[in-house]
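Dear colleague,

I am passing on the model that we spoke about, and below it you will find my notes on what I found. Please read them with the structure open beside you.

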Amino acid sequence: MKAFFAVLFLAFVVVAPPEPQPSPSYFTHLRTVTPGAPNRQNYIVIDEDVWDHARKDLADIRLYDPRGTQVPYFLNEQRGGMFSEEQPAKILNLGVIKGQTEFDVAAGEIAEYDRIRLHLNAKDFVSTAAVEGINAAGKARRTRLGSFTLYDFSRENLGSNSVLKLPPSNFRYLHVGLSPGVLPAQVKGATIYNMQEKQSAWTDVGICHATEQKEHSTILICDVPRRVPLERILFRVTPGQINFRRNVSVTDEHGGQVASGEITRIRMNRGSTIVTSEELAVKVIPGQDSGRLTVTIDNGDDPALTLDSVQPQSIERRLYFEPQRGTVLNFYYGDQKLAAPVYDYAKLFKADPAAVKARVGIGTGNPAYSGRPDERPWSERHRALLWTAMLLAVAVLGGLAIRSLKAASA
């Protein structure tokens with residue numbers, strides 16, 4: 001009897017299944033990867049077919065060589081960004097020379113810099129800033145760093161700019177001369193900083209259909225893949241359309257807003273100074289998974305913009321790897337139970353600027369696909385047997401209890 005209950009107890013013990021391991025026969029999809037060059041870092045770009053059939057987090061991607069050995073990789077988002085070290089800078093020798101505002105900026109402790117933001121209390125102006133570098137205060141010898149346009153178009157509601165984008169510099173002082181338009185009393189301070197900028201790489205996803213004009217708005221319908229992460233919508237406005245600033249709203253198929261912002265292009269000539277500025281994309285809220293989006297451009301009382309195209313886009317994802325003797329690799333994906341791999345290659349990864357793009361074959365079903373075996377615990381796979389054993393145990397215990405009561409009363 002004790003043995004019976006011991007077996008019954010073990011039957012109810014739920015042992016956690018082992019972590020799923022990869023195997024080529026467990027992946028639903030297979031493609032070939034031909035390295036672009038041997039003995040150099042290669043990469044492939046994640047495309048719509050991978051997004052459609054892989055896990056949403058791309059954890060189930062694997063590369064195998066012809067011998068069936070995994071090839072380590074690193075998955076990288078080609079997301080741009082700006083990284084800066086900045087600090088307030090002192091304004092020195094502020095005054096007027098030959099009818100224009102001039103002053104010096106002390107660079108302070110930043111070893112190298114490429115931006116100055118002037119704090120100006122001025123509206124509706126255009127001014128040219130001529131900047132020169134000086135290594136010691138009071139020295140006559142100066143190095144010309146360039147001329148930059150500052151502007152404020154508050155009256156036209158077209159924004160402003162007070163940033164001087166310099167070549168990388170390390171002068172202790174900068175001499176700034178402003179053409180008429182800004183008075184000394186309107187120069188309130190400056191910030192100096194070193195900006196490191198990396199441009200994003202984008203992949204087109206989906207398509208937007210012909211525009212519809214409705215009252216004061218331009219409306220477009222965009223069809224996008226549900227599983228591809230959408231990050232922005234780019235508006236390609238014909239080059240002849242200038243000096244506009246329009247609000248944009250994007251809603252999903254249920255009417256929920258997934259993006260809003262402005263698109264603008266400025267090309268103005270004020271006092272022989274040309275001002276140019278452009279921003280033609282709006283960011284999409286992360287996590288949207290609608291297959292159809294409605295894009296609305298608010299034209300106000302102005303004519304509608306002439307659009308060459310409107311294009312939804314996703315940040316490019318690259319899978320970097322080191323080719324092995326130039327052999328063709330097998331690229332597998334489509335195993336929803338598989339966790340992300342852990343490679344030393346990924347921990348120590350550093351992108352090679354000269355990395356070569358590998359050629360990826362057409363996505364097909366994996367002919368060797370068999371699916372994973374049932375990896376649930378024994379107790380999960382045999383619930384009926386467990387219930388039978390439990391009822392039998394109750395019956396046995398009940399019989400023993402009745403027998404004990406009869407023996408006690410006899």
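**Confidence and overall make-up**

The protein has a mean pLDDT of 88, and 88% of its residues reach 70 or more, pLDDT being the predictor's confidence in each residue on a scale from 0 to 100. Over residues 10-15 the pLDDT falls below 50, and this stretch has nine contacts in the model beyond near neighbours in sequence, where a contact means heavy atoms within 4.5 Å. This is a predicted model, so local features were taken only at pLDDT of at least 70 and side-chain atom pairs only at pLDDT 80 or more, whereas totals for chains, interfaces and linings use all residues. Residues are numbered from 1 along each chain as its sequence is written, and side-chain values use heavy atoms, with hydrogens and water left out.

Of the 410 residues in the protein, 40% are buried, where buried means under 20% relative accessible area, exposed means over 50%, and partly exposed lies in between (1.4 Å probe, protein chains only). Among contacts between residues at least 6 apart in sequence, 79% join residues at least 24 apart.

Four strands form an open sheet with mixed pairing, in the order 4-25-2-27, and two strands are taken to pair if DSSP finds at least two bridges between them. The edges are strand 4 (73-77) and strand 27 (356-357), each of which pairs on one side only. Strand 2 (residues 42-45) pairs with strand 27 in the parallel sense over two bridges, and the bridge partner of Tyr43 in strand 27 is Lys357.

Thr296 counts as partly exposed, because its relative accessibility is 26%. Leaving aside residues up to four places away in sequence, Thr296 touches Ser217, Thr218, Ile219, Asn247, Val248 and Ser249. The C-alpha atoms of Thr296 and Ser217 are separated by 6.4 Å, although the two residues are 79 apart along the chain.

**Ser127**

Ser127 lies in strand 8 (residues 125-134) and is buried, because its relative accessible area is 0%. The side chain of Ser127 reaches the backbone oxygen of Ser179 at 2.9 Å, which is a polar contact in the sense used here (a pair of N or O atoms within 3.5 Å; within protein, one must be able to donate a hydrogen and the other to accept it, and residues adjacent in sequence count only if both atoms are side-chain atoms). Not counting residues up to four places away in sequence, Ser127 touches Phe148, Thr149, Leu150, Leu178, Ser179, Pro180 and Val182.

Most residues other than glycine have a negative phi. Asn93, in strand 5, has a positive phi of about 55° although it is not a glycine, and at 60% relative accessibility Asn93 counts as exposed. Asn243 also has a positive phi of about 55° without being a glycine; Asn243 sits in the loop between strand 18 (232-237) and strand 19 (244-251) and, at 33% relative accessibility, counts as partly exposed.

**The largest pocket**

The largest pocket has a volume of about 660 Å³. Of the 18 residues that line this pocket, the closest to its centre are Ser200, Trp202, Arg232, Glu279 and Lys283. Strand 5 (81-97), strand 13 (187-198) and strand 22 (281-283) each supply at least two residues of the lining, and the largest share, three residues, comes from strand 22. On a 1 Å grid over the protein atoms alone, a pocket is an open set of points where a 1.4 Å probe fits, with protein on both sides within 12 Å along at least five of seven lines, and lining residues have an atom within 4 Å of a point. Grid points are joined across faces, edges and corners, and the volume is the space filled by probe spheres set on the points.

With best wishes
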